[in-house]
Amino acid sequence: MSRASQAKYKKLGLCIFCGKIPPLENVQACRACGIKNNEKQKKRREKFLELKICLCGNNQLVTKNHCANCRTKHNAGTKRRWAVVKNEVFESYGGYKCVCCNEKEKTFLSIDHINSDGAKHRKEIGSTLYHWLMKNKFPSGFQVLCMNCQWGKKNNNGICPHQSEKNKNAKNK
């Protein structure tokens, strides 16, 4: 199928492969064509891997699957997708701001399990926390903390030293 035909079908809101029915949500192909195309792509990838050739045709692989150029593109795409996921998670939990000390430097911030059961939870879910949070519609029980507050909480029986200090100051007043 030509690129012109695919562009025409896409513009009409139809599957870019068969042009008969609307595609699935957020995809350009109907279910049947998507499955068929995935099978073709899988066979093509297997053939190229067997020959130790990158999908672009370059035979100088630097990783198991990619030449240097494709690896760079792949890494950049992965980094962009991860940034979108991370932004969505942080915005759902109040933005890039530590709930304890108001730290706003993105590189210092992470998602914290409020009940300090993160290790147990990560073993249960078996995937990245951010993807799990999105899939489960951002449940309660999580908060944004900077790493200082996370470590302080971990080493102070679940209470950040900032909170201990605030409690002492409140009692002294």
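Predicted model: local features only at pLDDT ≥ 70, side-chain atom pairs only at ≥ 80, totals over all residues.
Biologist: What share of the residues is buried?

Modeller: A residue counts as buried when its relative accessible area is under 20%. By that cut-off, buried residues make up 24% of the 173 residues in the chain.

Biologist: What does the radius of gyration of the chain come to, and what would a compact globule of 173 residues have?

Modeller: The way to read this value is to set it beside the one for a compact globule, which for 173 residues would be near 16 Å, whereas the chain has 24 Å. The C-alpha trace can also be followed along its principal axes, where it spans about 75 × 40 × 30 Å.

Biologist: Which elements make up the chain, and in what order do they run?

Modeller: There are seven helices and two strands, and from the N terminus on they follow the order α-α-α-β-α-α-β-α-α. As for contacts that link separate parts of the sequence, 39% of those with a separation of 6 or more are between residues 24 or more positions apart.

Biologist: What can be read from the span of helix H3?

Modeller: One compares the distance between the end C-alpha atoms with the length expected at 1.5 Å a residue; H3, which has 25 residues (68–92), reaches 36 Å, close to the 36 Å expected. Just after H3, Gly94 takes a positive phi of about 100 degrees.

Biologist: Which residues of H3 are buried, and how should I read their spacing?

Modeller: An α-helix has 3.6 residues a turn, so residues three or four places apart point the same way. In H3 the buried residues are Cys70, Gly77, Val85, Val89 and Phe90, and the buried residues of this helix pack against strand S1 (109–113), helix H5 (129–135) and strand S2 (142–146).

Biologist: Where is Lys52 found, for a second case?

Modeller: Lys52 is in the loop between helix H2 (31–50) and H3, and it counts as exposed because its relative accessibility is 58%, with the cut-off for exposed set at over 50%. Beyond the residues up to four places away in sequence, Lys52 touches Asn59 and Leu61.

Biologist: What is the phi of Ser116, and what is to be noted about it?

Modeller: Ser116 has a phi near 60 degrees, and the point to note is that this is a positive value in a residue other than glycine. Ser116 lies in the loop between S1 and helix H4 (118–125), and it is partly exposed, with a relative accessible area of 48%. Lys137 likewise has a positive phi near 60 degrees; this residue is in the loop between H5 and S2 and is exposed, at 69% relative accessible area.

How values were computed: Residues numbered from 1 in each chain as written. Heavy atoms only, no water. Helix = DSSP H or I, 4+ residues; strand = E, 2+ residues; numbered from the N terminus. Rg over C-alpha atoms; globule rule 2.2 N^0.38 Å. Buried < 20%, exposed > 50% of the residue type's maximum accessible area, 1.4 Å probe, protein only. Contact = heavy atoms within 4.5 Å. Expected span 1.5 Å × (residues − 1).
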